Amino acid sequence: MSRSLLEISNLRIDATAYPPGEPPKTIVLVDGVSLTLEKGKVLGLIGESGAGKSTIGLASMAYGRGGARLTGGTITLNGREIRLADARALRSLRGREVTYVAQSAAAAFNPAIKLIDQVIETSLSHGIMDRAEAEARAVMLFGKLGLPNPETFGTRYPHQVSGGQLQRAMTAMALCPKPDLVVFDEPTTALDVTTQIDVLAAIKDAIRDTGVAALYITHDLAVVAQVADDILVLRHGKKVEYGPTEQIITAPGEAYTQALVSVRSIDHKEKAPAEAVLSVKAVTARYKGTNFDVLKAITIDLPAGQTLAVVGESGSGKSTLARAITGLLPPSKGEITFAGRKLSPQLSGRSRDDLREIQMIYQMADTAMNPRQTVGTIIGRPLEFYFGLRGEAKRKRIQELLDQIEMGSGYIDRYPAELSGGQKQRVCIARALAAKPKLIICDEVTSALDPLVADGILKLLLNLQAVEHVAYLFITHDLATVRAISDRIAVMYRGEVVRYGQKSDVLAPPFDDYTDLLLSSVPEMQLGWLEQVLKHRKMESAGN
Amino acid sequence: MLAGLRVHPVFKLVVQRIALGLLLLVAVSAIIFLGVEALPGDTAQAILGQSATPQALANLRAEMGLDQPPLARYVDWLGGIMTGDLGTSLSNKTDIAKAIGQRLGNTLFLAFWAAIISVPLAVLLGLVAARYNGRWPDKIISGVTLSTISLPEFVVGYLVLYFLAVKWQLFPSVAMVFPGMGMMERLNAVILPVIVLVLVVLAHMMRMTRAAILNVMQSAYIETAELKGLSPMQVIWRHAFPNAIAPVVNVVMLNLAYLVVGVVVVEVVFVYPGMGQYLVDHVTKRDLPVVQAVGLIFAAVYIGLNIMADVISILANPRLRHPK
């Protein structure tokens with residue numbers, strides 16, 4: 001028998017669901033999954049949300065999150081069966097043999113404790129090394145992970161450092177006690193692409209230099225292709241395909257894997273410039289009580305029936321621009337013209353038609369709907385409010401809208417909780433369409449969705465645009481989405497538009513520095529992409 | 001923690017809180033003054049009684065300054081308080097400040113020992129209850145503390161008296177203290193009221209600690225701590241408790257305030273010469289200057305402790321203590 005580091009065979013994980021008004025029932029989260037991980041290797045777990053990838057990752061620590069129970073199969077770590085191990089045995093292996101890097105480092109660090117004390121805590125509590133030794137190792141890891149001032153970095157509290165830095169600090173925390181295995185649970189998903197590439201490179205170097213094995217969990221195949229030796233594709237808690245990275249990327253065997261590899265294949269031809277329905281002229285804005293302009297003299301035009309993508313990293317002012325256009329944040333300077341009339345900067349100064357003709361769709365469809373209202377009520381509200389529709393007329397129109405979002409009238413009496421993430425976003429789209437708007441502001445509407453579902457939403461939006469001639473102001477940080485949907489692009493950076501024009505112009509060289517960085521940071525689905533980019537950048541900076 | 005004399009944002013916040021507290025205290029003093037003012041009759045009437053002639057009343061008012069407009073008398077009263085002059089009692093013509101000084105000392109002594117025992121005990125029980133959430137230690141702790149808070153304090157008082165003082169004769173039944181008493185004697189004398197007060201305030205603080213800890217236990221960083229292989233008590237003490245301090249401190253301070261201003265019943269049960277009894281005595285005698293003075297002191301205690309809770313909450317928040 002080979003002595004693998006981690007061997008999971010035929011794993012089954014259950015949880016209990018409590019549907020309202022029904023008796024509790026057992027649901028299967030993971031069913032019959034097997035995997036093997038050798039020392040020093042990286043295995044990528046990939047799949048959409050609900051595929052069970054995090055659940056399997058945590059199972060390698062014999063941990064069931066939120067009442068998940070490891071009910072069947074075996075989990076063998078370092079030659080010992082751990083699925084049924086008692087609490088004491090588990091405590092001694094967690095943090096010593098296997099450690100965990102969470103998706104949101106910002107939430108996973110204790111806000112009340114200095115970083116250094118959290119990073120070395122495991123090393124001390126397990127008696128792996130003394131304080132001086134652990135601190136020295138932490139500082140060494142901070143340096144290796146490219147954190148600024150590694151000597152003093154640890155004296156800060158989590159809220160005092162950036163998200164990308166926290167993610168690296170979390171990796172340092174996982175590596176500090178010299179574990180055999182690290183579980184990386186979507187470690188770069190919450191980061192901007194420009195930050196993601198650095199963190200990814202830092203993680204990859206750290207894995208190589210420390211010889212640790214890793215389970216790398218992500219929904220982004222292009223990311224996992226850069227770090228993993230093998231890839232396990234999961235869906236609905238079951239194995240879809242398991243093989244070496246190269247084979248999965250270049251010759252996927254299963255249809256589902258093929259779909260994952262070829263995702264974002266929407267081919268959208270840009271439309272010719274036309275008369276603008278929305279023009280923003282030299283808009284400058286700041287939040288109350290601050291002395292810093294979040295928007296600096298923004299000037300953009302959006303032609304009727306077309307899509308303007310506003311792209312940039314978090315904090316670049318994308319969403320603030322949407323707030324200025326909708327009237328939620330009155331600009332201090334500049335003016336906004338919409339459908340030939342000047343919009344009042346204040347929300348209170350806008351007419352009902354102003355309000356009706358600009359609609360919004362948000363990132364979190366969950367929180368954008370009242371959970372106690374049915375789909376029919378949610379979509380029907382703007383029909384009543386703007387058009388005074390009642391009774392049969394209203395119901396007919398709701399059904400039309402449901403057909404338009406490809407859901408059908410069967411959903412009219414359902415509650416949001418009964419819908420999938422993609423369906424919820426569709427309902428939000430229908431609610432926006434119900435007002436017959438000329439402009440819909442889409443704020444990161446696909447960011448929270450799995451790639452295949454997001455693809456469906458983008459296609460739907462494009463179809464609706466062709467039929468309804470509605471314009472989209474599409475805010476996103478994802479360049480693949482931008483390529484798929486936009487006619488025009490505005491790249492924002494620190495409150496300014498740094499590049500603006502037709503899609504074909506913006507995405508063609510020569511680039512300005514920031515757009516170049518942004519475009520080259522988007523992971524591509526090919527082996528060795530990460531190394532190429534980093535090498536290219538190193539050469540450029542050496543050349544300068 | 002406060003970095004030198006450089007003006008730290010926390011320092012500003014703390015100063016703001018204290019200033020607000022003082023402002024509140026002035027407002028309360030005005031309300032107390034107006035409240036007493038609104039009562040029918042005045043001090044002169046109270047001294048001379050119903051049968052006094054108008055001339056005698058007018059003379060006494062002039063003598064006491066009661067013929068001045070209310071604002072002038074309020075300023076005069078407040079000025080007196082600032083300089084430690086709380087006025088003179090009507091019923092026994094003694095200096096109120098002097099009488100209160102001793103009574104307040106007794107009350108604070110009792111409150112101090114009740115707090116020293118109940119606060120750590122409540123927090124500890126809260127931590128244990130959170131650790132064994134839903135299991136039998138949690139149920140026993142919650143059950144016992146809830147029953148002691150549900151019984152009226154005089155019932156708890158008499159039960160404690162019956163068993164500990166009368167039946168088993170462990171402690172004195174009457175909490176007599178007097179100046180010049182030794183520390184151990186004094187402690188022995190107040191032991192029963194202290195027990196009763198502890199039982200009364202324990203549940204509230206315990207349950208708040210438990211609830212605050214359980215709330216924090218939902219956070220992602222608690223999972224991180226569990227995945228580090230820490231023991232449940234280490235997780236609660238090191239990772240959950242520091243983040244649960246603010247709500248706990250607020251409830252602790254409310255209960256401390258209660259220990260000072262709300263112990264009338266317990267003082268009466270054990271015949272303890274504290275502020276509560278003093279207040280009750282003088283309310284029945286319509287001794288308005290005393291009622292005013294005691295009211296103001298109670299308000300000051302209440303506001304002071306709540307300011308302390310605010311300040312501790314601010315200091316416990318790393319985001320405020322260590323700004324970016």
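Mentor: Start with a definition. Two residues are in contact if their C-beta atoms, placed from the backbone, lie within 7 Å. This is a predicted model, where local features need pLDDT of at least 70, side-chain atom pairs count only at pLDDT 80 or more, and totals for chains, interfaces and linings use all residues. Residues are numbered from 1 along each chain as its sequence is written, while chains are lettered from A and ligands numbered from 1 in the order in which they are written.

Trainee: How many residues of chain B are in contact with chain A?

Mentor: By that rule, 16 residues of chain B are in contact with 24 residues of chain A. The largest share of chain B's side, four residues, comes from α9(B). Helices are DSSP runs of H or I, at least four residues; strands are runs of E, at least two; both are numbered from the N terminus.

Trainee: What makes β7 and β8 of chain A a pair?

Mentor: Two strands pair if DSSP finds at least two bridges between them. Strands β7 (residues 181-185) and β8 (residues 213-218) of chain A have five bridges, in the parallel sense. Here A:Val182 stands opposite A:Ala214 in β8(A).

Trainee: Why do β6 and β10 of chain A stand at the edges?

Mentor: The open sheet has the order β6-β7-β8-β3-β9-β10 (chain A). β6 and β10 of chain A each have a single partner strand, so one side of each is left without a neighbour in the sheet.

Trainee: Why does A:Pro330 count as partly exposed?

Mentor: Buried needs 20 or more other C-beta atoms within 10 Å of the residue's own, exposed 12 or fewer, and partly exposed lies in between. A:Pro330 has 14 C-beta neighbours inside 10 Å, so A:Pro330 is partly exposed.
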